[in-house]
Amino acid sequence: MIVRLSGTLVSRQPPSLVVDVHGVGYEVEAPLNVFDRLPADGEALSILTHMVVKEDAHTLYGFLSEADRKLFRELLKVSGIGPRLALAILSGVSGDDFALMVEAGDSQALTRLPGIGKKTAERLILEMRGKVSDLGDGAGGAGGGALSAEAEAREALTALGYSSSEALKMIKAVGDKDLSAEALIRNALKKKMQG
């Protein structure tokens, strides 16, 4: 199993990139958000990988964070989700936002992701609720741990009558993810009133 590659970035053509490791070129498929953070071609690159072996192909999928790789692996455990769809999900939304959608049971927001229909969204919520909160920086879930500031702000906004997808948009509009829950709520409401 190949779990990490360290070498030189040779080329990129989303969703694929090529990494040269001591003269051997490895093709790696990656979520679109990885391409924004890649070094220039010809520079050193270290990338975490997950290898999928099928009858007709061995495919490497690449990630720049352990949280993204863990989320990808959890997605593969959901019935009906293959590597391509898992990659599309990670390309369409951040891991934290995906966790918020799942924990809030927001199937409507999930259906806006590429390749996700109503039944798949409901299956994701059913099979991943309680698991995704442990994957990112935010804590929470069944163990009674503290919610991340974003999750706490989203819960408060939904308690004020906003839908979970609208609350998510309001929090994303604030832009600064390092704020406390109170500051996120205050800024989200202020932006909503101005806009």
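Predicted model: local features only at pLDDT ≥ 70, side-chain atom pairs only at ≥ 80, totals over all residues.
Trainee: Why are α4 and α6 called roughly perpendicular to each other?

Mentor: The axes of α4 and α6, residues 118–128, cross at roughly 90 degrees. Angles from 65 to 115 degrees count as roughly perpendicular. The pair α4 and α6 is therefore roughly perpendicular. Their axes come within 8 Å.

Trainee: How do you know which residues of α4 and α6 meet?

Mentor: Contact means heavy atoms within 4.5 Å. On the α4 side we find Phe98, Val102 and Glu103. On the α6 side we find Leu124, Ile125 and Met128. By class, five are nonpolar, none is polar and one is charged.

Trainee: Which residues make the contact between α4 and α7?

Mentor: From α4 come Asp97, Leu100, Met101 and Ala104. From α7 come Glu150, Ala151 and Arg154. Sort them by class: four nonpolar, no polar and three charged.

Trainee: Why is α2 called oblique to α3?

Mentor: Helix α2, residues 66–76, packs against helix α3, residues 83–92, at about 135 degrees. Roughly antiparallel needs an angle over 145. Roughly perpendicular stops at 115. The angle falls between those limits, so α2 is oblique to α3. The two axes are 9 Å apart. This crossing is right-handed.

Trainee: What makes up the contact of α2 with α3?

Mentor: Helix α2 gives Asp68, Leu71, Phe72, Leu75 and Leu76. Helix α3 gives Pro83, Ala86, Leu87, Ile89 and Leu90. By class, nine are nonpolar, none is polar and one is charged.

Trainee: How do you know that Arg12 and Asp41 form a salt bridge?

Mentor: Check the distance. The N to O distance between their side chains is 3.0 Å. The cut-off is a Lys or Arg side-chain nitrogen within 4 Å of an Asp or Glu carboxyl oxygen. The pair meets that cut-off, so it counts as a salt bridge. The structure holds five salt bridges.

Trainee: Why does the pair Arg12 and Asp41 tie together separate parts?

Mentor: Arg12 lies in strand β1, residues 4–13, while Asp41 lies in the loop between α1 and β4. Those parts are 29 residues apart in sequence, so the pair ties them together.

Trainee: Where does the UniProt annotation place the helix-hairpin-helix DNA-binding motif class?

Mentor: The unreviewed entry puts that domain on residues 73–92 and 108–127. In the model, residues 73–92 are 70% helix and 0% strand. Their end C-alpha atoms are 17 Å apart. Residues 108–127 are 65% helix and 0% strand, with end C-alpha atoms 16 Å apart.

Trainee: Is the peptide bond from Pro14 to Pro15 cis or trans?

Mentor: That bond is cis, with omega near 10 degrees. Pro15 sits in the loop between β1 and β2.

Trainee: What is phi of His22?

Mentor: Phi is near 50 degrees, a positive value in a residue other than glycine. His22 belongs to the loop between β2 and β3.

How values were computed:
Residues numbered from 1 in each chain as written. Heavy atoms only, no water. Helix = DSSP H or I, 4+ residues; strand = E, 2+ residues; numbered from the N terminus. Nonpolar A, V, L, I, M, F, W, Y, C, P; charged D, E, K, R; others polar. Axes fitted to C-alpha atoms, helices over the stretch in contact; angles between N-to-C directions. Parallel < 35°, antiparallel > 145°, perpendicular 65-115°, else oblique. UniProt positions renumbered as here; feature names shortened; annotations may be inferred. Left-handed = near helix turned anticlockwise from the far one by under 90°.
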